[in-house]
Amino acid sequence: MRILIVTQYFWPETFIVNDMARWLARSGHSVVVATGKPSYPSGQLAPGYTRHGVQCETFSGISVVRIPSRPRYGATALDLVLNYLSFAWSGLLRLPRLLKGQEFDVVLVFAMPITAAIPAIILHWIKRSHLALWVQDLWPEVVTSTGVIHSRLFVAALDLMVRFIYRAAGSVLVQSNEFVRPIARIIPRQRIFVLPNFAPSGEEERLRLPVAVEQLFRRRFSVVFAGNLGRAQSLSTIVDAARLLQVHPEILIIIAGTGSHAEPLKKAIAGSGLTNVKMVGLLDHRMMPALFESADCLLVTLGDHPALNATIPSKMQAYMKAGRPIVGAINGAAADLIEAAGAGFAVHAEDSAGLARSIAALFKMPTQMRHELGRAGKAYYETHFDVDRVLSRLVGILQSRTSCHA
């Protein structure tokens, strides 16, 4: 198939769309990527990129067209809105001309954010190709779930836009079963397909952790949280659980990552005088396997909101692949996954006391039993989320929805 991938985020930003593009190209499909200028998660443009002008390059032999868009900067609500809209507007203005003369069977959108689909709709009309969306969040619910946006008028306008995008798509791929019902209120159920996330392939060279980080794991029971530090992650739940865990000085919570709430989190830890939480900042993504495998258990938290309850954070698959037990303060799909896999413990979202009890239970558990939880999670990952399994399903869906079968 001839596939155009439209995604606001792409390498060197670390999202699974990178592995998807590489896998599709290696499987014999013709792949072109239309994307923006990388600024995630730091908020500043990555070295070698300029805010203005179009830049063309190759990634693993794949042609990549980068259009200008406003960086994320401080990742405030206004910053994110401007970042999302700038990519959509730039794509509308530039991509039809930049891709003139190129034909595609499928325009595939990595819909994070969903506004990335706006220029893709125009391209699918021009190219007369099949439009498929891979949806990572429920919109507009995800915007209201964090409490950042309060304007009813803004949310109503966003809802109209989302409905237009879904109705324009020939196929909507969703990352969990819980997405199906709300989207089926907008489009026919037969156009919706569950396509779960997978862990990064790990093809790149693995890097060791910095010595200072490696030392944190010595003679301590380590609980690792990795990823975005934003409002949705309910970071106060971790802080409150850490306060309760001070009776177990052998337990250390290690937080790797950055985001809009990194500074408030740092202040909360310092203000509470916590010595059992260490923030190590943003680590190179090639260090993630070493980070996860060094941990005694891996931590995931989300706020309590229906949109977040439907979501399985992409880190979950990476956690399971690492073969370490998982402890979570989460509801819905992610909690159900931990239970189904037998990979660890999940308590209600924002339940800091329950989270502390679960971490303490893992700490007191015999090592062999913890290893069994980790092995169960890894086995579940290999059965349900292996990259070849997931992306072979993607190709099968796209081929069944188009006239192209090669």
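Helices (H or I, at least four residues) and strands (E, at least two) are DSSP runs, numbered from the N terminus. By that rule, Ser69 sits in the loop between strand 4 (62-66) and helix 2. The model is predicted: local features need pLDDT of at least 70, side-chain atom pairs count only at pLDDT 80 or more, and totals for chains, interfaces and linings use all residues. Residues are numbered from 1 along each chain as its sequence is written, and side-chain values use heavy atoms, with hydrogens and water left out.

## Overall form

The chain holds 16 helices and 14 strands. Its C-alpha atoms fill a box of roughly 65 × 40 × 40 Å along the principal axes. The radius of gyration is taken over C-alpha atoms, and the globule rule is 2.2 Å times the number of residues to the power 0.38. For 406 residues a compact globule would have a value near 22 Å; the chain has 21 Å, which agrees.

Buried means under 20% relative accessible area, exposed means over 50%, and partly exposed lies in between (1.4 Å probe, protein chains only). Of the 406 residues, 57% count as buried. Accessible areas come from the Shrake-Rupley method with a 1.4 Å probe; for residues, only the protein chains shown count as cover. The chain's accessible surface comes to about 17100 Å², and carbon and sulfur atoms hold 54% of that.

Contact means heavy atoms within 4.5 Å. Among contacts with a separation of 6 or more, 71% are between residues 24 or more positions apart.

Two strands pair if DSSP finds at least two bridges between them. Strand 6 (residues 130-135) and strand 7 run parallel, joined by four bridges. Here Trp134 has Leu173 of strand 7 as its bridge partner. Strand 7 also runs parallel to strand 8 (residues 192-194), with three bridges between them. Val172 is partnered there with Ile192 of strand 8.

Strand 7 (residues 171-174) is covered on both faces. Ser171 and Leu173 are buried on one side, Val172 and Val174 on the other.

## Helix 3 and its cover

Helix 3 (residues 117-127) has several buried residues, among them Ala117, Ile121, Leu123 and His124. Lys127 is buried there too. Their cover includes strand 1 (2-7), helix 2, strand 5 (106-111), strand 6 and helix 5 (152-168). Just after helix 3, Arg128 takes a positive phi of about 55 degrees.

Ser69 counts as buried, at 7% relative accessibility. Beyond its neighbours within four places in sequence, Ser69 is in contact with Gly36, Lys37, Arg51, Ser86 and Phe87.

Ala226 belongs to strand 9 (residues 221-226). Its relative accessible area is 6%, so Ala226 is buried. With neighbours within four places in sequence left aside, its contacts are Ala256, Met288, Leu291, Phe292, Lys315 and Tyr319. Ala226 and Leu298 are 72 residues apart in sequence, and their C-alpha atoms are 8.3 Å apart in space.

## Surface patch

Patches are made of residues with over 30% relative accessible area and no salt bridge: like charges are joined within 9 Å, nonpolar side chains (Val, Leu, Ile, Met, Phe, Trp, Tyr) within 5 Å. Trp89, Leu92 and Leu93 form a nonpolar surface patch with about 320 Å² of accessible area together. Trp89 is part of helix 2 (residues 77-98). Trp89 counts as exposed because its relative accessibility is 55%.

## Salt bridges

A salt bridge is a side-chain nitrogen of Lys or Arg within 4 Å of a carboxyl oxygen of Asp or Glu. The whole structure has 10 of them. The table gives some of these pairs.

| Pair | N to O distance |
|---|---|
| Asp105 and Arg2 | 3.0 Å |
| Glu57 and Arg66 | 2.3 Å |
| Arg208 and Glu214 | 2.9 Å |

Arg2 is partly exposed, with a relative accessible area of 38%.

Glu57 is partly exposed at 23% relative accessibility, whereas Arg66 is buried at 0% relative accessible area. Arg208 counts as exposed, at 62% relative accessibility.
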